[in-house]
Amino acid sequence: MSRWVISGLRQGVVTTCYPTRMETAKGTSPGLPARLTPMADEFGQELVDVCPTGAIHFERGEARVDYGRCIHCFRCSRSARYVLEWESGFEWARFASDGSNFVKGAASWPKAFRKSMHIRVVDAGDCGACLNEVKQLNNPYYNMHRLGFFITPTPRKADILLVVGPVNDHTRLPLQAAYDAMPTPKLVMAVGACALSGGVFGPSFVTGTGVKDVLPVDIEVPGSPPPPLAILHGLLVAAGRKPPMPGQDGR
Amino acid sequence: MFFTVFAVLFLAFSVAGIVCALLSPERGVALSLGCFGGVASVAMGAVGVCALISDTPFEVRLWSVPTVGPLMLSVDKLSGLFLLVSAFVFLATSIYSVEYLQAYLKHFNLRTLSVCYFAIMLAVGLVLSAADALTFLVSWELMSLFGYALVNYQKRDEQSTRPGYLMLVMGEAGFVAVVLAFLVIGGRGPGNLLFSSLRLHSASLGWHARWAVFLLSFFGFGVKTGLAPFNRWLPQAHPIAPANVSAVLSGVLLNLGIYGIIRVNADLTPLATAGPGLVVLLVGAFSALMGIMYANRDNDMKAMLANSSIENMGIITTALGAGLVFMTFHQPLLAGIAWIAAFYQMTNHSVYKSLLFFGAGAIDRNSGTRLMDRLGGLSKHMPLLAALFLAGALSICALPPTNGFVSEWLTLQCLLQSSVLASRSVKVLFALAGAGLALTAGLAVTCFVKAYAMTFLGIPRSNQARQRARVRFPIRLAMGLGAVSCLLLGVLPTYVIPILGRVSELLTGVNAAAALVPPFFNGAPGHSRLPHSFLSDFHNLGAQVGQNLLPAPGLVVLHRGHAQNPVVFAMSTSYMLPVLILLASTLFLAVRFVLARRSKTVRKPVWAGGLASLFPELTYTATGFSSPVRVTFNAVFHPQMSEERLELIAGHFRNSITRVVGEVHVFDRVLFQPLVNRASHIARTLSRMHHGRLNAYSAYVLGTLFVVLLLSRTQVEEHVVLSPALILIVALILDRLL
Amino acid sequence: MLNLAGMAAEAEQNWPGLVQAWVDRRTPLCELRCPPSEILPEVVHWVVDELLFRFAGLIVEQEPQEWDLRYLFYSIQGPPRWARLRVRQPLDTPKFPSISPQVHAADWYEREAEDLYGVTFEGHPRLGDFVLHDDLWQEAVAPMRRDFDEKAALAERRPDLDWKFRRIVHDPGAFAMPVGPIYSGVTESVQFLLETVGEDVIRAFPRLFYKYRAIEKIAEGRNVDGCLLLAERFAATTAFAHALAYCQAVETICRVKLPPRAHALRVLVSELERFRHHVGVIHDICESTGLSVAASQAAILEEDLLRLSGDLTGHRYLFGLAIPGGLSRNLKDADCIDAVEMAVKILKRLQELDDGLRYSSSFLDRLEGVGIISPGKAWEFGLVGPMGRASGLGGDLRKAQPYASYEHFEFDVPLESEGDGFARLRVLMAEAAQSVRILCQVPVRLEAGDVAVGVSLQSGRALGWVEAPRGATFHGLHLDESGVVLRYRMITPSFVNWHGFHLAAENFAFQDFPIILATVGLSATENDR
């Protein structure tokens with residue numbers, strides 16, 4: 001056993017400096033296209049057509065990207081004709097535009113979670129990537145325990161329901177059961193493009209258009225999958241310890 | 001005076017009960033049993049109380065029988081205690097039967113049951129008051145026979161009478177042993193069979209005879225008590241008996257075995273050496289351990305309770321054995337405490353076991369099953385029954401502040417006192433017994449957590465368990481009586497121990513309760529028997545805190561040693577109860593008024609991992625719950641065969657997996673089966689001689705004769721030698737002719 | 001072993017007038033057309049047990065006039081070859097003989113086809129309640145049929161609220177321990193019903209398809225590009241492998257010849273993904289045994305590999321890289337060399353971790369002799385990937401049916417025979433090492449040039465296959481001339497291996513269950529689709 005102690009000590013500290021400072025290591029985030037890009041009408045329309053999830057809107061000479069729908073397919077950045085600027089950050093979490101349990105940012109936002117929060121993760125038809133990224137939050141790089149975030153096995157002890165996946169038919173009832181089993185005050189955080197908008201899977205006869213069809217969502221974390229740091233940012237926003245992404249009001 | 005009145009009342013009401021049972025209409029039988037049985041048992045209890053209070057035994061000289069001598073009845077303190085305990089069980093059972101027997105109406109003949117019930121009541125009274133061997137043995141035999149009749153009352157087929165038959169056979173074997181024991185005591189005797197003469201005569205017995213008396217009586221009474229390994233009948237007899245009979249069987253008849261052991265080995269022929277006492281001690285601890293292990297395994301509620309009776313009898317016997325050993329080591333104080341513990345445990349067992357059997361009977365009647373694997377969720381529609389059963393279960397688990405805790409605490413403490421004994425090997429055996437009892441106590445908790453949880457909690461596992469039913473007043477009263485007694489015996493041990501102390505004083509000659517349980521807690525700090533320095537030490541320890549506040553003595557103290565070095569063990573369930581109530585109510589009030597203001601209670605369905613619905617097949621069964629115990633003690637249970645039969649369809653598809661586990665009780669496996677096998681092997685070997693040829697048989701006869709003659713050649717006279725020779729010749733001629 | 005022509009001749013000779021054989025030398029493949037009668041099981045038996053082909057899967061397709069069932073088989077020894085049994089039946093008689101009694105591996109394929117297409121297989125004893133749970137949808141719903149009406153189905157939904165699973169363990173004290181669908185920490189939605197009498201799991205029944213998103217259904221009618229998104233995102237931890245299989249199917253239909261650089265980079269990315277996936281499973285195994293330091297170290301390695309992937313390709317899960325005709329972007333040679341060097345370093349750390357694990361008796365105790373799948377059972381259930389190879393069942397598509405220039409790379413296919421958890425761990429470790437060995441060979445094969453060629457869409461059917469990290473995967477694609485998907489079929493390794501999962505989980509104690517679950521490394525999303 002001493003072998004593991006020594007080996008563990010020799011490993012040293014790898015934990016990220018986030019949220020004190022920004023993490024700058026390579027490969028931590030796939031980035032997202034710039035939210036607002038002025039461009040000519042012909043390119044703009046082409047851009048709208050090339051986006052498979054309808055994340056890009058073109059209005060008055062500006063291409064706007066809805067982060068909730070972007071799935072990092074890179075189709076908008078492949079052609080030199082209309083390449084969108086990519087932003088490499090990860091602080092994408094935002095308050096849900098409607099249906100939230102709490103008036104966002106207002107005084108009614110629960111203060112109980114500032115120091116510590118227990119998370120129940122529910123897989124609602126996720127492709128595995130978001131789930132794997134949530135799992136990475138426990139690894140020494142991100143180590144969310146240091147911030148007072150813990151995964152619980154039962155929703156009875158959970159403060160926040162972290163939902164990944166587009167909510168398909170078979171997981172809908174378990175998801176609702178988990179939400180019902182949680183004590184109040186409770187939050188719901190939808191993680192990943194599928195959970196926000198159904199992603200590439202919805203809507204269909206077994207899949208809806210995200211968690212908001214079923215539950216009131218409070219926090220949204222865009223990305224497909226959102227990298228661990230983005231999810232961490234989402235948790236910090238939920239706890240009221242970080243501001244949400246500026247200028248995002250859901251649309 | 002009172003004695004006579006109560007004894008006559010008891011006799012009168014019992015006989016009246018029999019008459020009434022025979023005369024009254026079928027529907028009224030249950031009620032008459034309840035009324036007459038209730039009054040008769042109150043009278044019986046009154047006799048017991050009188051005996052406990054009065055300083056002299058109550059004696060009645062019956063008629064004199066030629067060649068045997070005078071017959072006599074006598075109720076001393078020992079008999080009085082057993083009468084009182086039995087009376088309690090009979091009283092509760094009588095009340096319970098009024099309602100319980102309604103289900104038997106029209107299916108079974110209630111008259112038979114009623115007559116047998118009163119008969120056994122009389123027989124028990126007679127056994128406990130017999131003061132001569134003949135009365136004792138006759139009434140003992142009557143008790144066995146009526147017990148058999150009651151257990152087999154609802155016989156349906158050959159299969160279901162087998163356990164009752166086994167009970168009878170083993171009881172009779174025990175009876176023969178007891179008769180032999182009495183023969184040995186009174187063998188070349190005093191001319192009559194009065195206990196008083198036997199008591200005088202026994203002092204002259206040699207050690208062979210003493211061992212013989214001990215072994216015979218311990219076997220004989222041990223079988224009745226359900227001690228290992230001759231207790232296989234008990235867990236089989238209980239499930240076939242009606243619940244009220246089970247209560248009597250466990251709460252009264254088993255105790256009589258204990259009575260017999262004490263009467264013979266502590267009163268009539270007090271032991272002279274430590275050996276027999278150690279045997280009692282170890283057999284007791286072993287029985288307790290085996291009993292509770294099998295109780296854990298059993299899923300039939302009544303079989304489980306029966307095995308738990310074996311466990312309790314084991315604990316009583318252990319304490320009894322400790323007392324016997326202490327007596328032989330001339331430690332009458334400790335022996336007294338050990339016997340107080342034994343009597344306390346016995347009283348408790350009678351109370352809570354009858355309560356639990358009543359509960360099991362009510363469940364059986366309402367749900368139609370006693371199998372814990374098929375019950376569950378009963379607390380929802382039988383909350384009172386659940387609460388009463390829980391009271392019994394907590395008591396039997398020996399959790400404070402219930403009565404089980406007091407007696408088990410005393411038992412374990414008194415086993416720890418073995419440090420005063422000189423012999424190292426005896427100390428080791430005491431330690432072993434103590435360890436066995438400690439393990440037993442732990443397993444008992446597992447067992448009754450299972451019993452309560454699987455029966456009353458969770459969701460119903462069968463349609464029968466889902467049935468709604470009302471538990472009627474007589475059942476509630478009988479069980480409530482038991483539950484209240486459990487609590488009272490638990491919180492007021494300081495009142496009970498002196499009474500039991502009087503009983504043990506009869507056997508030891510020393511008042512252990514007074515010496516070891518100092519009465520200064522009763523508001524007399526300057527008690528003369530205790531050194532002043534000890535008292536002041538004790539004062540500093542805070543033992544007298546609250547003495548002026550509480551109206552009653554509440555602390556049980558075992559003190560032994562010197563003023564400088566008092567070895568003190570103290571326990572108080574009486575003080576604990578108010579503290580517990582205070583804590584609980586404070587907590588309740590705090591939650592209710594301080595915290596509740598900020599939150600409200602919301603009831604949500606059970607979280608089952610997101611399952612659409614939690615159905616009974618998805619919840620733990622009793623078998624599953626006790627599985628860790630089965631795995632841990634695999635060496636004991638030792639399934640001889642455990643296989644999974646797999647049925648495949650269409651080549652590869654599994655259709656069913658049937659588990660077949662063949663388990664043979666450890667005593668059958670280790671002891672009885674090898675014995676039977678050996679015996680039948682010998683019989684087979686001998687049967688080779690039986691090949692049916694006449695001359696061979698003649699040869700056996702002659703051969704035997706020769707051997708006999710050779711063995712007794714000193715007394716042989718000539719013509720005797722000649723006659724076999726003649727027979728031989730005749731036989732040879734016959735052989736030729738044939 | 002017969003060659004394909006010989007096989008065709010013998011089949012026609014064995015079943016004269018009933019079986020028509022036809023050989024496609026390009027694939028190479030021997031197609032046997034077989035009537036839907038009792039001879040089908042015989043032919044299957046002949047192909048599997050005498051010619052020693054392995055069953056790859058079943059593709060059901062509803063043609064305008066008829067049902068078209070294609071049973072696929074591939075050789076794992078000798079030269080790469082395929083066999084295909086084709087059975088047709090008019091639309092109004094959706095009945096076929098079951099081959100599951102002969103080839104048990106076909107069990108779930110038939111159940112799936114029955115549940116989604118409403119096609120019955122006579123002789124199969126366990127049809128019904130499979131993909132669409134009966135407590136949500138009535139049995140009559142068959143969503144994969146062309147005439148399936150979503151709105152009507154949703155309107156006429158009749159869930160069976162009294163649904164109970166079929167219990168097969170008979171013992172008075174037996175009960176089923178439900179686990180999931182929401183259980184433990186961060187887990188996929190799967191439900192396990194463990195039948196037991198207390199300590200040991202007597203029967204494990206995984207109730208899958210909680211994550212059924214009807215990928216095969218929603219793929220129909222999409223264009224090739226839209227379907228690619230589904231192919232790579234339905235099981236994202238092995239996204240590149242599935243995307244690659246899909247792309248290969250498109251490329252086969254459209255007869256595209258890829259530039260060598262595209263092939264080499266595809267190998268590079270595939271092996272990087274395999275390496276990362278295996279490290280992830282190793283992390284899960286360490287975590288399930290409660291060995292936290294090792295689990296943390298494995299987690300660091302997994303994150304390092306994710307970052308490496310992100311840095312090299314722009315996406316941590318390699319999304320958006322594979323496209324029909326090559327790769328969507330060219331990777332720089334220098335970046336590739338850096339990545340390979342990094343992978344070698346990570347492998348070295350993984351091997352140090354492996355050494356540590358092999359000296360930790362508390363760890364080995366919980367793996368050795370636990371979760372055993374015997375080679376015979378592995379063959380019966382046709383297990384694939386590391387789970388099959390730990391039970392001595394070889395077969396690696398990279399060797400058996402090479403694709404993407406794997407035939408030019410040197411590597412071994414590790415094989416163990418014990419079939420327990422430790423054997424699976426050893427296979428994962430050895431495969432991770434072999435992946436890095438392949439990675440090291442990539443830079444010398446990187447020829448300059450394009451990584452993609454244009455694809456002109458054609459109509460046709462084709463199969464693309466890849467040895468995904470969890471085992472063999474087959475993607476069947478049917479395009480019409482405008483490039484619209486008519487039928488997209490994914491045969492995934494998890495689907496095959498979940499079928500045999502109970503073999504590992506049964507007759508072991510409850511506390512071993514999470515460990516066994518970790519060692520098999522199965523994915524529900526890959527199975528459910």
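Buried area is taken here as the accessible area (1.4 Å probe) that two parts lose on being put together, summed over both. The model is predicted; local features require pLDDT of at least 70, side-chain atom pairs count only at pLDDT 80 or more, and totals for chains, interfaces and linings use all residues. Residues are numbered from 1 along each chain as its sequence is written, chains are lettered from A in the order in which they are written, and side-chain values use heavy atoms, with hydrogens and water left out.

Between chain A and chain C, about 5,300 Å² is buried, 59% of it on carbon and sulfur atoms. On the chain A side, the most area is lost to chain C by A:Trp4, A:His170 and A:Phe205, which together give 17% of what that side buries. The contact (heavy atoms within 4.5 Å) involves 62 residues of chain A and 71 residues of chain C.

Five salt bridges cross the interface of chain A and chain C, a salt bridge being a side-chain nitrogen of Lys or Arg within 4 Å of a carboxyl oxygen of Asp or Glu. One of them joins A:Glu133 to C:Arg316, with the closest N and O atoms 2.7 Å apart. Elements giving two or more residues to the side of chain A that touches chain C are helix 1 (2-11), strand 7 (117-123), helix 3 (129-136) and helix 4 (169-181) of chain A; helices (H or I, at least four residues) and strands (E, at least two) are DSSP runs, numbered from the N terminus. Helix 4 of chain A contributes the most to this side, with eight residues.

The interface of chain C and chain B buries about 2,800 Å², 59% of which comes from carbon and sulfur atoms. Here 40 residues of chain C meet 30 residues of chain B. The salt bridges across this interface number three; among them, C:Glu506 pairs with B:Arg654 at 2.6 Å, N to O. On the side of chain C that touches chain B, two or more residues each come from strand 8 (169-170), strand 9 (175-179), strand 10 (191-196) and strand 11 (201-207) of chain C. Strand 9 of chain C supplies the largest share of that side, four residues.

Chain B itself contains 27 helices and six strands. Of its 738 residues, 54% are buried, that is, under 20% relative accessible area (1.4 Å probe, protein chains only). Within chain B, 78% of the contacts with a separation of 6 or more link residues 24 or more positions apart.

Conventions. Buried means under 20% relative accessible area, exposed over 50%, partly exposed in between (1.4 Å probe, protein chains only).
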